[in-house]
Amino acid sequence: MFLCAVGAGVTSLFRTPWIAAVAAMSTGTFVQLEPLNYRDGARVEPADSCGTEKAFEPATGRVIATLQCSGEKEVSLAVKNAKAAFKVWSKKSGMERCEVLLEAARMIKEQKDAIATMETINNGKSIFEARLDVDTSWQCLEYYAGLAASMAGEHVQLPGGSFGYTRREPLGVCVGIGAWNYPFQIACWKSAPALACGNAMIFKPSPFTPVSALLLAEIYTKAGVPPGLFNVVQGGAATGQFLCQHPDVAKVSFTGSVPTGVKIMEMSAKGIKPVTLELGGKSPLIIFSDCDLENAVKGALLANFLSQGQVCCNGTRVFVQQEIVDKFTEEVVKQTKKIKIGDPLLEDTRMGPLINGPHLERVCGFIKLAKEQGATVLYGGEQYVPTDPKLKFGYYMTPCILRTSSGLTGWQLSFRQERATLTTTMSVRWSCPLVDIRSQDLAERMAE
């Protein structure tokens, strides 16, 4: 039990009425009532705290939860609990682990609309996109469930009738540290391979989006994992440091910025822990005159405006061959104007708000910098207030199309400055910068 709409009663996660009620929830009605940590198969308040963080509903600007950042004692309890669960889980066969993961995948698929609704409320992306995220989540669990049953070592024949063999052995307690742009999906992507291989996981969501990882934890418990196999601790940098430096943590997987990734690698290196890093990237698009123009426009819009542009593989600039740049630009602007901004829980909304207020201000600052360095705003780039009164304090902005020419070296500089700065919060682009190019060599040099 953990949720309610304002004025409504609290019901259990796994009952059909709960699923229907959450799936039908409207923007501006959610409040978080239950603890946001998950340990030993249940929601718990942290044993100690190193501060608090507020989580917002981006569509309205409302505070929907105040979370206690887990302190060193809580982290130690979560690790101890995960170690105990690991001893049970690691002894199960691959087929047994497969069955549990398949059941969890089935439950995610069954509760798709309810999970997507919670993701949209906490993250701000459209319900249309959130449902796709949930689909890739249960598909991920199904994929690794299949691998769990098929992983095996090798038999090596040696001279004289001797032989050698290898075994695939789980590491132990793994830590997953997620990002705010795909909260539920990242929790699945990190936990599914870890659990399939027989490991336990402690997951720390971004403090901006603390809610949906708890749904996954409850689903895993209901599906049959030992209590404590998947624990959730909330917090910011200090909590992450406690996790990375804990001597009983065997591996760390992190999704986020380059600077934070460097720190995590440094902390983990002291314990000689293996680390997997998925860090922010900046991805140029190069479009030549022989392209399928309609498809190229769709690709550029998808690359720049998916999840409000808050994607680590965002197409941060679009280089277009001179012969087609005018026609391409006209069509991009035309299609961008059709993007409906508004309440992310409405079926026809295609662009919701940015994650929070500081983020919105930062994006506005980069657009201002681009204009100062010579870029032309062809459309958008301004804060937006929807007509619905309950959305007036949300973090909305019109998608922005910028244009410059390949001769503007100052604009190239702003690209580099943005790349250096924006990696601290993943990709925060809300604009689609179009650059006129005259040759493939020039495009490749500028893209690099």
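At 75% relative accessibility, I272 counts as exposed in this predicted model, because the cut-off for an exposed residue is over 50%. I272 is found in the loop that joins α9 (258-269) to β13 (275-279). The phi angle of I272 is near 50°, a positive value in a residue other than glycine.

A positive phi also occurs at D40, where the angle is near 60° and the residue is again not glycine. D40 lies in the loop between β3 (37-39) and β4 (42-44). With a relative accessibility of 44%, D40 counts as partly exposed, because this class lies between the limits of 20% and 50%.

Five of its five residues are buried, so β9 is largely enclosed by the rest of the structure. In a regular strand, side chains alternate between the two faces of the sheet.

The pairing of β9 was examined next. β9 pairs with strand β10 (residues 200-204) in the parallel sense, over five bridges. Within this pair, I177 stands opposite K204 of β10. The chain passes from β9 through helix α6 (residues 183-196) to β10, and this β-α-β crossover is right-handed. β9 also pairs with strand β12 (residues 249-256), in the parallel sense and over five bridges.

Note on methods: Residues are numbered from 1 along each chain as its sequence is written. This is a predicted model: local features need pLDDT of at least 70, side-chain atom pairs count only at pLDDT 80 or more; totals for chains, interfaces and linings use all residues. Side-chain values use heavy atoms; hydrogens and water are left out. Helices (H or I, at least four residues) and strands (E, at least two) are DSSP runs, numbered from the N terminus. Buried means under 20% relative accessible area, exposed over 50%, partly exposed in between (1.4 Å probe, protein chains only). Two strands pair if DSSP finds at least two bridges between them. A crossover is right-handed if, with the strands pointing away from the viewer, the path from the first strand over the helix to the second runs clockwise.
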